[in-house]
Amino acid sequence: MTRSELIEQIAGLQPQLPQKDVELAVKGIIEYLTQALASGNRVEIRGFGSFSLHYRAPRLGRNPRTGTAVQLDERHVPHFKPGKELRDRVNKSL
Amino acid sequence: MTAVTKADLAARLHEELGFNKREARELVEQFFEQIRQALEDNEHVKLSGFGNFETRDKRERPGRNPKTGEVIPVPPRRVVTFKPGQKLKARVETYAGSEQEPSQG
């Protein structure tokens, strides 16, 4: 499922809303999730899961092509932990 | 640091984009429910700019009861993984908050 398919699915459940509005809402939700993480906040969606940041320490890496050492700065990477309902529903589909 | 919840997302849809409160709440609920439904149907979900949710099938593996030390097989499972997209990674990479930061020597 792509973002536009997700928009179509939701539009089918909200027949009173023009699809353009649903698109605005989906883009908004994705932007709010991104902003939360970009400002260091966690996102907790009961039954779905939580998004948080994981810290990566600075390290000396290597350019795989040339073998030269490069200093990699510390950084944060997004992390998702599925919630119980999502885990159970996906696992039951096996 | 407080966690962002569905109520916060709905409040922003209402306040910033003008959806009425009921619509805002339903749109947030349906957003996550449709993703859950797709994953339950073993479909991958690709949200460009944010990331991809995928399912992975894990084989049975030997596990242990941590209390008794008894070896018991962990049954095969289907799990969800999330791969953040380039745009999301770029936007969180530079976060320099104090909360998770170890002191650098």
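Colleague: How is the size of an interface often given?

Modeller: The usual figure is the accessible area lost when the parts come together. In this predicted model, chain A and chain B bury about 5,300 Å² between them, and 66% of that area lies on carbon and sulfur atoms. On the side of chain A, the residues that lose the most area to chain B are A:Met1, A:Tyr32 and A:Arg89, which together account for 15% of what that side buries.

Colleague: How many residues of each chain are in contact?

Modeller: The contact involves 53 residues of chain A and 54 residues of chain B.

Colleague: Which polar features join chain A and chain B, and how many are there?

Modeller: Between the two chains there are 5 salt bridges. In one salt bridge, the side chain of A:Arg89 meets that of B:Glu33, with a distance of 3.0 Å from N to O.

Colleague: Which elements of chain A supply the side that touches chain B?

Modeller: At least two residues each come from helices H1 (3-13), H2 (19-38) and H3 (84-92) and from strands E1 (43-45), E2 (49-56) and E5 (75-82) of chain A. Helix H2(A) gives the most, with 15 residues. By class, this side of chain A has 29 nonpolar, 14 polar and 10 charged residues.

Colleague: Where do nonpolar side chains tend to lie in soluble globular proteins?

Modeller: In such proteins they tend to be buried together. Here, the largest nonpolar core has 45 residues, and those with the most contacts inside it are B:Phe31, B:Ile35 and B:Phe53. H2(A) provides the largest share of this core, 9 residues.

Colleague: Is B:Phe31 buried or exposed, and why?

Modeller: B:Phe31 is classed as buried because its relative accessible area is 1%, and the cut-off for that class is under 20%. This residue is found in helix H2 (residues 21-40) of chain B.

Colleague: Which residues does B:Phe31 touch, not counting residues up to four places away in sequence?

Modeller: From chain A, B:Phe31 touches A:Leu6, A:Ile10, A:Val26, A:Ile29, A:Ile30 and A:Leu33; from chain B, it touches B:Leu47.

Conventions
Residues are numbered from 1 along each chain as its sequence is written. Chains are lettered from A and ligands numbered from 1 in the order in which they are written. This is a predicted model: local features need pLDDT of at least 70, side-chain atom pairs count only at pLDDT 80 or more; totals for chains, interfaces and linings use all residues. Side-chain values use heavy atoms; hydrogens and water are left out. Contact means heavy atoms within 4.5 Å. Buried area is the accessible area (1.4 Å probe) that two parts lose on being put together, summed over both. A salt bridge is a side-chain nitrogen of Lys or Arg within 4 Å of a carboxyl oxygen of Asp or Glu. Helices (H or I, at least four residues) and strands (E, at least two) are DSSP runs, numbered from the N terminus. Ala, Val, Leu, Ile, Met, Phe, Trp, Tyr, Cys and Pro count as nonpolar, Asp, Glu, Lys and Arg as charged, and the others, Gly among them, as polar. A nonpolar core is a set of buried Ala, Val, Leu, Ile, Met, Phe, Trp, Tyr and Cys residues joined through side-chain atoms within 4.5 Å. Buried means under 20% relative accessible area, exposed over 50%, partly exposed in between (1.4 Å probe, protein chains only).
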